[in-house]
Amino acid sequence: MSKKPGFQFNIIKNDELDGHKGAMIIEDVAPVYIDLTEQRPFVDMGGLHGRAKPEKGVKWFTDMSEALEEEGERNDYNLIWMSLDKDERGVYYSGVTSCYFMTNKVGRRRRGYKMMHEHVNSLDHAMKGRYRLEELDDKTKQTLIEFLKERDPVAWENSTELHEYLGV
C-alpha cells in the first residue's frame, strides 16, 4: 500500500530544530474544551492528537446536516487552544484561539461536525501568538476568563494582551 502524497506534520517535543518544514513544537500548548450546554471548561491533552474524550469514536462530517441525520444526544463544544510563553513578567498566555465542533450520539454510534482545517489553523495561530475568539459569545468568554483565573492566576495576571483583546 502506498502512502498518500501531500504535506505531513511531524509533531515534536523538546527539540530545538529550527526551520524544519512541517515541524510543530507543541510542548507549551494546551487544549481547553468548553461544553457549551453546561458552560463547563476542562483540559484534555488527548486533544493535541484529536483523541480527547469528546472526540473519541466519532465519525466526522463537514456538513452538519449529515451529523444530525438522526435525532440523538447533541453536544456542542468550543475547543480553545492555549499557548503559553515566558518573558520578564513571567508565564503568560501568548496565543488563544477557538474553534467549534459538535457531536451527536445516536444509540452506540457517534457522529459529529468538525472542520478539521479550522482546528489545525486555530492551533497554528495560537502557537504563533495570535488571539482569535470571535466565535465565542459573551457567556462562553466569561466561562473562559473564570477558568483561566482559577487555573493559573499568575499567568492570567501576566496576560495583559489577552485582557485587552477580551476587553477585561
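## Exercises on a predicted model

Residues 4-24 keep a pLDDT under 50, and the model has 24 contacts beyond four places in sequence for them; pLDDT is the predictor's confidence in each residue, from 0 to 100, and contact means heavy atoms within 4.5 Å. This is a predicted model, in which local features need pLDDT of at least 70, side-chain atom pairs count only at pLDDT 80 or more, and totals for chains, interfaces and linings use all residues. Residues are numbered from 1 along each chain as its sequence is written, and side-chain values use heavy atoms, with hydrogens and water left out.

**Exercise 1. Find the mean pLDDT of the protein, and decide how to read residues 4-24.**

Step 1. The mean pLDDT is 86, and 84% of the residues reach 70 or more.

Step 2. Over residues 4-24, pLDDT stays under 50. Where pLDDT is low, the predicted coordinates should not be read in detail.

**Exercise 2. Describe Gln39 in the loop between E3 and E4.**

Step 1. The hairpin of E3 and E4 has four residues between the strands, and Gln39 takes a positive phi near 50°.

Step 2. Most residues other than glycine have a negative phi. Gln39 has a positive value in a residue other than glycine.

Step 3. With a relative accessible area of 14%, Gln39 is buried.

**Exercise 3. Classify the ring pair of Tyr33 and Phe42 and that of Tyr100 and Tyr113.**

Step 1. Rings of Phe, Tyr and Trp (its six-membered ring) pair if their centres lie within 6.5 Å; planes under 30 degrees apart count as stacked, over 60 as edge-to-face and the rest as tilted.

Step 2. The structure holds six aromatic pairs. In one, the centres of Tyr33 and Phe42 are 5.5 Å apart and the planes are at 15°, so the pair is stacked. Tyr33 is buried at 0% relative accessibility, and Phe42 is buried at 16%.

Step 3. For Tyr100 and Tyr113 the centres are 6.2 Å apart and the planes are at 45°, so this pair is tilted. Tyr100 lies in strand E7 (residues 90-106) and Tyr113 in strand E8 (residues 109-114), 13 residues apart.

Step 4. Tyr33, Phe42, Trp60, Tyr77 and Phe101 form one aromatic cluster.

**Exercise 4. Which residues touch the most other members of the largest nonpolar core?**

Step 1. A nonpolar core is a set of buried Ala, Val, Leu, Ile, Met, Phe, Trp, Tyr and Cys residues joined through side-chain atoms within 4.5 Å.

Step 2. The largest core has 17 residues, of which Ile80, Met82, Val96, Leu144, Leu148 and Leu162 touch the most other members. Helix H3 (138-151) is among the elements that each supply at least two residues, and the largest share, four residues, comes from H3.

Step 3. Beyond its neighbours within four places in sequence, Leu162 contacts Tyr93, Val96, Tyr131, Leu148 and Trp156.

Methods: Buried < 20%, exposed > 50% of the residue type's maximum accessible area, 1.4 Å probe, protein only. Pairing = 2+ DSSP bridges.
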